[in-house]
Amino acid sequence: MNRLRLTSRSLSGITLALLAACTTTSKQPAALQPVAQANTLQGGFTMPYLRHAESADQTLADFSRLESVLADIKNDNDFAAAGFLSSQSQSAMGETVRNEWLKSLGKRGDAAAFRQQYAQLDHAARQQEVRCYAHIFGLENDSAFVGNLLETTGKLPAGCNTLLQAGAANGVLDIRRAWRRVRGLISNGHITDADNLAAALGSPLNSINGFGYQENLLRNVITPGAQKKPDNAAALLQQLSGSLNRDQTGFAWGVLGLAQAKNLNMHAALDYYRRAERSQLNDEQFEWYARAALRQQRWHELADIIRSMPSSLQSTPTWQYWLARSYAAQGKKSQAHALFEQAAKSGRNFYAVLSTEELGQRIHTRNNVDNANPQDVAHLSRDGALRRALTLFHTSRRNGDWKMRRQAQNEWRYATRGMNETTLLAAAQLAFEHEFYEMAVNSAERTDHLLNFNLRYITPFRDLVTHYSHEHNVDPAWVYGLIRQESRFVMGAKSSAGAQGLMQVMPATARLIAGKIGMDSNELYTMDGNIRMGTWYMADARRSLQNNEVLATAGYNAGPGRARRWQADISLEGAVYAETIPFNETRDYVKKVMTNAVYYASLMKQHNVSLKQKMGTVPAR
């Protein structure tokens, strides 16, 4: 049962006093210690105040109790939250605690306490569910935010469901979009949330007539179980079509089209999608509609699909590029050129690089800014928020504590939020000097105008990478591109699946490799051994996958069997293969690894290497 009451209730006097104490004793967000002559140093570096530096002991003590405080907040313990924030407020830890406390207060309908804490949370740190409660309490009134929630056909947090249900009950939601969300929830297996929203709209799913009854008819067509047999579901949908309206039928065809497309049954997918109501498609369904046409190289139809997408999708580099390609295939050169130019300006992503190449140009890795001034880096190292991150980082590395390492990353993101580009590059240099490599890359790649490619594409462990790349006959630029994506150069990185080290090799794979090349499998946990195993596995994946780097990259992430299964019966352009990989993670991975490889190739003075050339052609299955 939802415990939120939309009317506020008062806290006890003792709790309000504690809240007031928390408010008056917490550290203020900007620096407490003004630093003389720190306004603008070399090259536009700006950091007018250094934030308060707490002791390392306090940082570590607060981290050690963070998990228990968050558990207490889930049990509605206001005292634990307020006590923590009295000593650790302006930090990533503090923002996490305040967000969780606000969710608890929102769930309980405590508007007074919610309002007090909400005012102290930086706008950039306010989580989605917190903003939903803020709308409920009248602290926000952002129609675009609510509209985006309504467009979501998947699961939302409880507070956002409550906001939409209240909007439905009060008649302020777009009815067609609200019912689209109901059927979207059904298609994702979230039946309780679907029924709650349907009931708020006035027609629960178990009703004997009306929209709720009709939506309930779709359950045997669009639930996750039905989607596993899309042909059977399609036959049932045709039988039910006389009992459903156009939106309901059109939505269902979109669900089944997506199921076929993700199975790479592109002919069937296009057949189903053509019967769909495009206004009912969500972003994922639209993208797979386009991918089905792309895989079949139906350029005219692809252009029509992309032009029908919501503007938020059309304006992404992905669909700018493929719309440009479809125009080029139809001989519409000027329209294609304009779109390639737009996509090329979007940064250094996969499609920006491909678009740059379509315009007859090549990427470069010439820095347009000098290395950060050592005086600026030294000044920045005294900032309390960055010192907190570095304290956690160095302690986590000594102790092998990965939860602490992730918190160190969070604190670094907090500390660098809002920095100008010159200051970000100084922060990147500081992180690099401390061997906090993942955050050196994080800070350096957030600049759009001031570019330091040596920090953006760092090359630690270069002797080992070069040695084993040559030993196993793989391109060191490709190896670095993979490491940058796999681990961000974190030596002891461990994935949720158990992959280990810089190159994220699974222990079972390490045992196989060790047996083949005469190593001890425990060398997986050393820098030397991890790079040796990883480079050997890259070479072996390439050998087993028709000597193709794109297939090998997909196979490294998802397994060689899947990479083969995603091939077509005919050869495919490498970019088409990559864009139509069914796994979101692997699709993103292949694009990023191959893009990284081109930038590393440039840094390593490998001349005239293009991304289109590296993507090449993926041969037929």
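Before going on, a word about the model. It is predicted, so local features need pLDDT of at least 70 and side-chain atom pairs count only at pLDDT 80 or more, while totals for chains, interfaces and linings use all residues. Residues are numbered from 1 along each chain as its sequence is written, and side-chain values use heavy atoms, with hydrogens and water left out.

**Stop one: α24 and α25**

Helix α24 spans residues 384-399, and α25 covers 402-416. Helices here are DSSP runs (H or I, at least four residues), numbered from the N terminus. The pair packs at an angle of about 165 degrees, with axes 8 Å apart; axes are lines fitted to C-alpha atoms over the stretch in contact, and angles run from 0 to 180 degrees between N-to-C directions. The crossing of α24 and α25 is left-handed (the near helix is turned anticlockwise from the far one by less than a right angle; clockwise would be right-handed). Show side chains next: residues including Leu386, Leu390 and Phe393 in α24 meet residues including Met404, Ala408 and Trp412 in α25, where contact means heavy atoms within 4.5 Å. This contact divides into 11 nonpolar, four polar and four charged residues (Ala, Val, Leu, Ile, Met, Phe, Trp, Tyr, Cys and Pro count as nonpolar, Asp, Glu, Lys and Arg as charged, and the others, Gly among them, as polar).

**Stop two: the largest pocket**

Keep α25 selected, as this helix gives the most to the lining of the largest pocket, with five residues. α27 (437-444), α30 (476-486), α33 (549-558) and α36 (584-603) are also among the helices that each supply at least two. To centre the view, pick Gln485, Glu486, Ser487, Ser495 and Gln504, the closest to the pocket centre of the 33 lining residues. By class, the lining has 12 nonpolar, 11 polar and 10 charged residues.

**Stop three: α33 and α36**

Two of the lining helices also pack together. The axes of α33 and α36 come within 9 Å and cross at roughly 130 degrees, and the two are therefore oblique to each other. Here the crossing is right-handed. Select Val550, Ala554 and Tyr556, among the α33 residues that meet α36, then Tyr589, Val590 and Met594, among their partners. The contact has eight nonpolar, three polar and two charged residues.

**Last stop: α4 and α5**

Finally, select α4 (92-107) and α5 (111-118), which pack at about 160 degrees with axes 9 Å apart. That makes α4 roughly antiparallel to α5, and their crossing is left-handed. Trp101 and Leu105 of α4 are among the contact residues, as are Phe114 and Tyr118 of α5.

Key: Parallel < 35°, antiparallel > 145°, perpendicular 65-115°, else oblique. 1 Å grid on protein atoms, 1.4 Å probe; cavity = no way out; pocket = protein on both sides within 12 Å on 5 of 7 lines; lining within 4 Å.
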